[in-house]
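Hi everyone, thanks for making time this morning. Let me put the structure up on the screen, and then we can walk through it together.

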Amino acid sequence: MVLSGISIPLIKKQEEPAAPIFSQKEIEGWMTEDNSVKSDICALLVGDPKTGKTGMALDCRTEEEKAAGMKIVCIELNSDNGCKLNKKIFHKDDPTIIVIDPREFSVNESGDWEFDYIRTMAKIKAFLAYLKINLGKLKIKALVFDGADVYLSEICENQMRMDEHLDIAGGVKMTFWKRRNKYFYDVMNMMFTIDVDKYVITHFKEDSETKKITYSIQKDFPDKVHQIVEFRKDVKTNKYYLKVVSDRRDKPELLNQEKVIMEVVDNKKIWHTTRL
């Protein structure tokens with residue numbers, strides 16, 4: 001400012017320092033909290049439809065764990081409702097197997113119902129946050145994410161295309177794919193932090209470039225899990241097989257050995273429990 005021909009510099013008011021996001025007390029608590037890992041299972045289950053993937057995930061508890069009321073929580077995105085059907089057929093509608101359908105719909109400007117990808121993603125994240133915060137009192141044995149390929153290719157990708165105003169079948173720039181992948185890993189990374197057995201279920205697919213059979217999932221996802229289990233059905237013998245093709249634990253008795261998980265005898269399905 002100028003006063004009687006004398007220039008006086010303005011003195012800026014000092015801003016109050018921003019409050020820290022985490023208090024010293026909270027940080028001290030991190031040093032003393034229990035950081036031991038209670039579960040060493042974080043498995044990717046891969047196979048064609050109806051080959052026993054969901055069945056194995058829902059049969060992961062011991063009899064003692066069932067008697068103690070330990071729960072299995074399933075997030076189901078596959079339209080075939082495999083978790084609900086498996087629960088009904090093989091587990092007599094066991095109330096400790098909880099199946100959540102996160103799919104949300106809303107009314108668009110034309111008055112039509114349509115899939116709401118944003119609300120679906122938000123619902124999954126809200127549910128995972130609830131599990132993580134209340135894990136101590138919920139008595140959860142396992143968390144199952146059935147339909148990881150549906151989540152990636154239908155929900156995350158379609159929302160990305162809507163964000164960028166892209167045609168549903170049009171080409172996509174690499175920067176746009178990164179947005180899709182962020183949507184995907186926002187949920188998967190939340191799931192990874194929940195210290196229970198985790199099973200992520202997807203399908204085989206043919207690679208469009210190499211024509212080889214691969215996994216219908218984000219390419220780097222198999223590097224983030226502890227176990228990879230492949231499933232197949234032998235149509236001649238009516239037997240269903242699983243094979244652990246990767247396991248970070250030292251369990252050679254399971255690795256690369258096919259085991260019969262289910263067989264059909266006289267039109268009746270006979271289940272053989274196999275746990276990781």
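The second largest pocket is lined by 21 residues, and K50, G52, T54, G82 and N86 are the ones that lie nearest its centre. By pocket I mean, on a 1 Å grid over the protein atoms alone, an open set of points where a 1.4 Å probe fits, with protein on both sides within 12 Å along at least five of seven lines; lining residues have an atom within 4 Å of a point. Before I go on, please keep in mind that this is a predicted model: local features need pLDDT of at least 70, side-chain atom pairs count only at pLDDT 80 or more, and totals for chains, interfaces and linings use all residues. Residues are numbered from 1 along each chain as its sequence is written, and side-chain values use heavy atoms, with hydrogens and water left out.

Back to that pocket. Its volume is about 390 Å³, where a volume is the space filled by probe spheres set on the grid points, joined across faces, edges and corners. Which elements give two or more residues to its lining? They are α2 (53-58), α4 (82-91) and β15 (268-271), and α4 gives the most, with five residues. These labels are DSSP runs numbered from the N terminus: helices are H or I with at least four residues, strands are E with at least two. The lining divides into eight nonpolar, eight polar and five charged residues. Here Ala, Val, Leu, Ile, Met, Phe, Trp, Tyr, Cys and Pro count as nonpolar, Asp, Glu, Lys and Arg as charged, and the others, Gly among them, as polar.

Now the largest pocket, with about 550 Å³ of space. Of its 20 lining residues, R180, K205, D207, I217 and K219 lie nearest the centre. Two or more lining residues come from each of α7 (148-163), α8 (174-192), β10 (204-206) and β11 (213-215). This lining has six nonpolar, six polar and eight charged residues.

Next, the sheet. Nine strands form an open sheet with mixed pairing, in the order β5-β4-β8-β9-β3-β12-β13-β14-β15; two strands pair if DSSP finds at least two bridges between them. β5 (97-100) and β15 stand at the edges with a single partner strand each, so one side of each is left without a neighbour in the sheet. Inside the sheet, β4 (residues 71-76) and β8 (residues 140-146) run parallel, joined by six bridges. Look for V73, which stands opposite L143 in β8.

Most residues other than glycine have a negative phi. K139, in the loop between α6 (135-138) and β8, has a positive phi of about 55° although it is not a glycine. D266, in the loop between β14 (259-265) and β15, likewise has a positive phi, of about 50°. Are they buried or exposed? K139 is partly exposed, at 40% relative accessible area, while D266 counts as exposed at 74%. Buried means under 20%, exposed over 50%, and partly exposed in between, with a 1.4 Å probe and protein chains only.
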